[in-house]
Each structure stands twice: as C-alpha cells, then as structure tokens.
Amino acid sequence: MHKIHKFIFSVLFLIFAVKLPLSAAESTAAEPYTEDEFPRWAYDVRRTEIITFGSLPFVTIGVTLCYGTYLYMNGTLNSFPNPLDKSSDSFSTDQQLKILGMSLGASCALGAADLIVSLIKHQKQKNKIRRMEENTKKIQIDPYYFTPLYELEEETVPEENPAVNEDGIE
C-alpha cells in the first residue's frame with residue numbers, strides 16, 4: 001500500500017512539474033476588467049455580500065452590548081458584562097449562540113436593505129435614461145417665421161360686417 005501512495009505521488013508530482021513551467025510561459029499580466037464583463041446582478045450580489053460580512057464584527061459588538069445591557073437590567077447578571085474581556089466568562093455558550101444568531105440576522109438585514117436601496121436606485125436611473133431617450137425622439141423643431149410690424153400695417157382689413165352672411169341676412 002505504501003508503494004502505491006509513493007507511485008501516485010510521483011506521477012502527480014511529474015504532471016504538475018511538467019505543467020507548471022508551461023503555464024508560466026504564458027503572459028501573466030493582469031488585464032483590467034471591462035465595463036460589461038460581469039452582469040449587473042453579479043455586482044449587486046457582491047456588494048450585498050461585502051456589506052453583510054463587513055458589518056458582522058461591528059453588529060456583533062453592538063448586539064453583545066445591547067444583550068448584556070438587557071441581561072443586566074433584567075437582573076439575570078450581577079454586573080455589566082465586558083464584551084472585550086476574554087478572561088471572564090460573562091456569557092454562557094447558549095447566550096453566545098443567541099448573540100451570534102442575532103448578529104447574523106442583523107447583518108443580513110443590513111445587506112438586504114442595501115440591496116433593495118441599490119436596486120431602486122438603478123431602476124430610477126434606468127427610467128430616467130429611458131425617459132430622456134423618449135423625449136429626445138419626440139422633440140421636433142418647427143421654424144418660426146417672424147412677420148415684421150410694418151407688413152402687418154400694410155394689410156387691409158375687409159370692411160364687411162361679420163354678422164352679415166353671404167346672402168346679406170343678419
């Protein structure tokens with residue numbers, strides 16, 4: 001059995017040893033991402049993920065302080081727990097799991113709220129661009145011919161009575 005492991009390791013080592021120099025010969029220069037390389041939803045999901053996991057440590061500290069205050073005011077704890085003190089056992093395992101669950105829920109709520117706000121913002125931006133495109137298609141410029149005042153004065157106004165029709169009957 002030991003000889004089989006050595007043989008498999010040797011074969012894998014040779015494969016990677018031969019493969020790695022060949023792949024290193026290719027260009028390793030990084031190419032910048034293009035504007036349309038990823039769909040919009042991928043950016044939105046990535047942003048939500050960053051906000052959710054990025055806010056987790058801060059939300060955890062806030063939830064720990066709020067939960068510790070609740071337990072202290074409720075009378076469950078004799079002294080206010082210090083969330084940054086590792087030496088004291090201020091919270092039990094069940095309480096720590098509750099704090100972690102509340103922190104995860106609050107962080108997910110923050111990420112979802114940001115996702116909703118960004119989706120609404122993108123939708124408004126799309127609607128604004130669409131309306132601008134529609135309005136530019138509807139604009140039609142008609143020439144306006146200016147008639148000077150001296151031309152208006154030269155015109156003669158008929159002296160007919162407008163209340164009299166063609167037959168002469170009023």
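How accessible is Glu-134: buried, partly exposed or exposed? We will reach the answer in the third view of this predicted model. Altogether, the structure holds 4 salt bridges, and the views below visit some of them.

**View 1. Glu-49 and Arg-46 pair up within helix H2.** Here the two side chains form a salt bridge, and their closest N and O atoms are 3.2 Å apart. Both residues belong to helix H2, which covers residues 40-74. They sit 3 residues apart, about one turn of the helix. Glu-49 is partly exposed, at 36% relative accessibility. Arg-46 is partly exposed too, with a value of 47%.

**View 2. Asp-114 and Arg-47 link two helices.** In this salt bridge, the closest N and O atoms are 2.8 Å apart. Asp-114 comes from helix H3 (residues 93-138) while Arg-47 comes from helix H2, so this pair ties together parts that are 67 residues apart in sequence. Look at the two partners in turn: Asp-114 is buried, with a relative accessible area of 17%, whereas Arg-47 is partly exposed at 44%. Asp-114 counts as buried because its 17% falls under the 20% cut-off.

View 3. Arg-130 is partly exposed, at 41% relative accessibility. And now for the opening question: Glu-134 is partly exposed, with a relative accessible area of 36%.

Definitions and conventions:
Residues are numbered from 1 along each chain as its sequence is written. This is a predicted model: local features need pLDDT of at least 70, side-chain atom pairs count only at pLDDT 80 or more; totals for chains, interfaces and linings use all residues. Side-chain values use heavy atoms; hydrogens and water are left out. Helices (H or I, at least four residues) and strands (E, at least two) are DSSP runs, numbered from the N terminus. Buried means under 20% relative accessible area, exposed over 50%, partly exposed in between (1.4 Å probe, protein chains only).
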